[in-house]
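Visitor: I have a structure open and would like to learn how to read it. Could you walk me through it, feature by feature?

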Amino acid sequence: MSFRDSPIGDIKVPLTWSAGAALVIAFVIAGALLLTHQHDMTRPGAYDGARRAIDEVAGPVGGVISAPIRWVDGVAGDVSDYFDAASQNRQLKAELVQARGWRDQLVALQVENARLRAVLGIRTDPPLPHVAADTVADVHGPFANTRLANVGSDQGVTEGNPVVSEHGLVGRVVGVTSDVSRVMLLTDVDSHTPVTLLRTNGRAILSGDGGGSPKLDYVRSAQAIREGDRVMTSGDGGVFPRGLPVGTVVKGSDGAWRVALDSDAAPIDYVQILLFTNFSQIANAQALAPKDLPTAMTEEPSQSIVGPIAGPTSPKPASASPEPAKPSPATPAKRTTAAAPATRPHAVASRAARPPLSATTTVGAAGD
Amino acid sequence: MTSQGISASRALNPLGWLVAPMVLCVIATVLLAAPIRILGQALPQPVFPLALAFAWPLIRPSLVPPFALLVMGLFLDLFWGGPPGLWPLCLLAAYAGVLALRRLITGNDFVFVWAWYAAATLVAFGVGFLAMAMRSGVAPNLLAVGWQYVWTAALFPFADRLIRRFEDADVRFR
């Protein structure tokens with residue numbers, strides 16, 4: 001006798017009820033995940049094993065998917081360029097004439113700038129190393145705006161590294177595997193970036209909301225903000241180096257001040273990941289190290305100390321700063337100097353431990 | 001029992017109505033995440049599993065779909081980089097609504113069912129909007145939400161095809 005013909009087979013299982021029970025259990029699991037899991041992707045530990053595993057797979061898959069499309073796009077661009085060659089030539093000639101004038105002005109300004117810096121004794125920030133990458137996946141939904149780049153910890157990328165395109169700031173790295181990095185865009189709901197208005201030097205926080213143009217929150221400026229104001233990273237908080245171009249202020253349809261991002265000027269196919277972690281990296285740690293300190297010895301330190309320790313070794317000036325955790329971005333070198341006794345050896349060690357980057361070149365850290 | 005009766009009461013093949021659509025949704029989601037712009041516009045990114053959340057309770061109530069939707073939602077969260085649990089909650093909210101109203105929805109015209117699908121999608125996006133606003137303290141951009149909603153609502157033919165293919169497979173649940 002088959003199961004269906006038996007008396008048990010006639011029992012009508014209330015599947016709607018059991019489906020409802022399964023639904024409740026699934027709801028509880030989902031709710032618990034949402035409530036308990038570290039949400040903010042910018043915090044350490046948010047990039048867990050599951051995300052890492054998905055990105056490890058999604059990176060190469062995205063690369064395979066996008067490769068032929070890039071090729072077709074490139075061929076189409078070549079064909080288009082061929083037919084537009086004459087008009088492009090005319091346009092480029094006109095731009096060249098204009099650029100020559102700018103070049104002369106630039107040289108004159110560079111000379112003047114260098115002379116004034118020398119007079120004032122300003123120490124410029126050293127260039128930052130960076131690594132180039134292709135983006136292989138693009139997520140632009142209302143609840144998440146991220147990209148996958150095809151470089152990772154093997155190329156020296158770490159969480160927190162700023163990401164720029166040829167036009168401006170794109171976002172920052174929030175997760176790294178050996179070969180893939182997840183980049184959180186400025187438009188992501190979790191993205192909050194300290195910025196400055198170039199015209200007024202006013203400060204603000206650029207907050208993503210899933211739309212194309214992030215909002216300007218907490219605007220602090222003596223002068224009124226205006227449409228068309230240029231926006232750059234302020235360097236506050238030490239997340240981004242100062243002076244990276246971000247975009248232009250626009251008035252949103254909701255009445256809020258927003259920023260039209262420079263990086264939207266072209267597809268973000270190729271990006272540069274700045275190997276920047278904090279301002280102690282910008283400061284030249286070796287040059288800042290006190291040179292008259294004795295070498296640390298394990299036996300009888302009194303024998304190796306040849307003279308009294310002078311003023312430069314005193315850590316007091318650092319602790320005298322009222323807000324050591326919130327440095328002024330205008331004086332990163334001074335702040336780093338103040339924090340030097342604690343941070344310098346670690347910074348040197350971490351840089352020395354980093355593997356050599358064959359594809360690494362340098363880029364200016366600050367826009368000044 | 002006639003052969004027709006046996007055929008009418010046959011069990012659904014899980015591979016056909018559960019696994020295969022899930023795989024298709026994953027593939028479609030990954031394909032549309034390619035960093036491509038057509039005429040300057042990025043590819044649309046509809047929430048493909050919402051079609052499953054609508055179709056599955058109409059085909060038949062079952063123990064498996066809620067957990068399958070949980071898995072699909074987690075995949076979306078991890079692949080898209082959102083908070084884990086967000087999309088499972090959205091998908092399950094839509095599934096719950098359709099499961100509760102399945103007697104009203106089944107057997108209606110194409111356009112009428114599409115309207116129900118649009119309503120279920122609206123519920124899912126509403127849950128997502130509220131969850132994100134409460135978690136992040138930032139209300140997601142309504143235009144961005146609306147844009148993804150429109151593309152997701154346009155997926156109804158996919159859900160309809162799935163329903164038509166399997167709704168008559170087991171007459172006990174009509």
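Visitor: What share of the 368 residues in chain A is buried?

Guide: A residue counts as buried if 20 or more other C-beta atoms lie within 10 Å of its own, as exposed if 12 or fewer do, and as partly exposed in between, with C-beta atoms placed from the backbone. In chain A, 34% of the 368 residues are buried. Bear in mind that this is a predicted model, where local features need pLDDT of at least 70 and side-chain atom pairs count only at pLDDT 80 or more, while totals for chains, interfaces and linings use all residues. Residues are numbered from 1 along each chain as its sequence is written, and chains are lettered from A and ligands numbered from 1 in the order in which they are written.

Visitor: How many helices and strands does chain A have?

Guide: Helices (H or I, at least four residues) and strands (E, at least two) are DSSP runs, numbered from the N terminus. Chain A comes to eight helices and 13 strands.

Visitor: Why does helix H3 of chain A lie largely in the open?

Guide: Zero of the 36 residues of H3(A) are buried, so the helix lies largely in the open. H3(A) covers residues 85-120 and reaches 49 Å from its first C-alpha to its last, close to the 52 Å expected at 1.5 Å a residue; that expected span is 1.5 Å times one less than the number of residues. Just after the helix, Gly121(A) takes a positive phi of about 75°.

Visitor: And is Gly255(A) buried or exposed?

Guide: Gly255(A) has 7 C-beta neighbours inside 10 Å, so this residue counts as exposed. You will find Gly255(A) in the loop between strand E10 (245-251) and strand E11 (257-261) of chain A. Its C-alpha atom is 27 Å from that of Val139(A), 116 residues apart along the chain.

Visitor: How many residues of chain A are in contact with chain B?

Guide: Two residues are in contact if their C-beta atoms, placed from the backbone, lie within 7 Å. Here 46 residues of chain A are in contact with 45 residues of chain B. On the chain A side, H1 (15-36), H2 (49-83) and strand E1 (128-140) each supply at least two residues, and H1(A) gives the most, with 14. That side has 25 nonpolar, 15 polar and six charged residues; Ala, Val, Leu, Ile, Met, Phe, Trp, Tyr, Cys and Pro count as nonpolar, Asp, Glu, Lys and Arg as charged, and the others, Gly among them, as polar.

Visitor: At what angle do H4(B) and H5(B) cross?

Guide: Two packed helices are described by the angle between their axes and the distance between the axes. Axes are lines fitted to C-alpha atoms, for helices over the stretch in contact, and angles run from 0 to 180 degrees between N-to-C directions. The axes of H4(B) (residues 64-80) and H5(B) (residues 86-100) come within 7 Å and cross at roughly 145°. Their contact includes Leu69(B) and Trp87(B), and its residues divide into 14 nonpolar, one polar and one charged.

Visitor: What about H5(B) and H7(B)?

Guide: H5(B) packs against H7(B) (residues 110-136) at about 145°, with the axes 8 Å apart. Among the residues making this contact are Ala94(B) and Val127(B).

Visitor: Which residues of chain B have a pLDDT below 50?

Guide: pLDDT is the predictor's confidence in each residue, from 0 to 100. Chain B averages 87, and 90% of the residues score at least 70. Over residues 1-9 of chain B, though, the pLDDT is below 50. Where pLDDT is low, the predicted coordinates should not be read in detail.
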